[in-house]
Amino acid sequence: MKKITFLLMSIIPNAVIAAPQTSSVFSGSLVFPNSALPSDDDNLNAETTLTHSVNYGRVLGTADFILYSALFGARDSQDNRFASKQRLSIGAKLRYELFAGAKVAFGARYDMDNRDLSQTRYKRWIATADFDLWKRLNPAKDGDQIVLSGWANLRNSAGRDGARADNWVGQGRFEVAREITRLRHIDPAPSVGVFLGAGFVTDHEGLDYNNKVKIDGGIRLKWPIYDRGNLNLNLRYTADRRYISDETHHGPSISMSWYVPFNF
């Protein structure tokens, strides 16, 4: 962490010259059942995140220097200890634009992780690498557009798993979605579309719950909310492959997710 601290101290004096831009996002999801595993048949999972970022502009050439804080909470209806937690993160990152719609970021954050059911708390610096993608694949047309989106990250999992400080975890999800039509008789008008997605989690310790691939597809009803935000209702069918235990499960699920950007 000494190298990371030295890097941050060296770039902050250059970064603060620029006029900072602030942004906040409230996002979350409700999923039932939480996975296609038999043990999750009646398990409802809820997650929420509130993030506040300050972008100080370009440093070190083409990178944006960003300070951020994030408050994360999760709970499931089965009261699983690993799924019920709150976490406050404070961090910094350098973000580069690879091409239009795609960004990669490298940084570090300090996690204060509370597991309320087991009464355990973890505090530790962790290193992070993130990738984000949002790209329209065809010209924007009212009621007919295709969007490619996704995210991926790599981190050492100390902030979440405490004793597993050296276990690096990679995860991500990518999706192609097509908007088919808009329901004009409803105000605000929601869109109806279909999607096909794939997600993964992997770690270098080979833990079964951290090594999986999910492929899903379904129907989505999307409402515009609060300026640039949206609320999604999804009906999907998922194939869930756990390749350490050599098990594959599949089944339907319903979910609701939301993304609301705002400024204080």
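Start by selecting F32, which sits in strand β1 (residues 21-32). This is a predicted model, so colour by confidence if you like before moving on. F32 counts as partly exposed, because its relative accessibility is 34%, and buried would require under 20%.

Pick R220 and look across to β11: the bridge partner of R220 is N234.

R236 belongs to strand β11 and D216 to strand β10, so the pair ties together parts that are 20 residues apart in sequence. Is this pair buried or exposed? Both R236 and D216 are buried.

Next, select R242 and D240, another salt bridge, where the closest N and O atoms are 2.7 Å apart. R242 counts as buried because its relative accessibility is 7%, and D240 counts as buried at 0%. Then widen the selection to R173, E175, D216, R220 and R236: salt bridges that share partners join these residues into one network.

Move on to R87 and D111. Their salt bridge has its closest N and O atoms 3.8 Å apart. R87 lies in strand β4 (residues 85-99) and D111 in strand β5 (residues 102-115), so this pair links parts that are 24 residues apart in sequence. R87, at 7% relative accessibility, counts as buried, and D111 does too, at 0%. If you want to look for others, the count comes to 15 salt bridges.

For the last stop, select T128 in strand β6 (residues 120-136). T128 counts as buried because its relative accessibility is 10%. Which residues does T128 contact, leaving aside its neighbours within four places in sequence? Show A105, F106, G107, A108, R109, L154 and R155 to see them around T128.

Terms used: Residues are numbered from 1 along each chain as its sequence is written. This is a predicted model: local features need pLDDT of at least 70, side-chain atom pairs count only at pLDDT 80 or more; totals for chains, interfaces and linings use all residues. Side-chain values use heavy atoms; hydrogens and water are left out. Helices (H or I, at least four residues) and strands (E, at least two) are DSSP runs, numbered from the N terminus. Buried means under 20% relative accessible area, exposed over 50%, partly exposed in between (1.4 Å probe, protein chains only). Contact means heavy atoms within 4.5 Å. Two strands pair if DSSP finds at least two bridges between them. A salt bridge is a side-chain nitrogen of Lys or Arg within 4 Å of a carboxyl oxygen of Asp or Glu.
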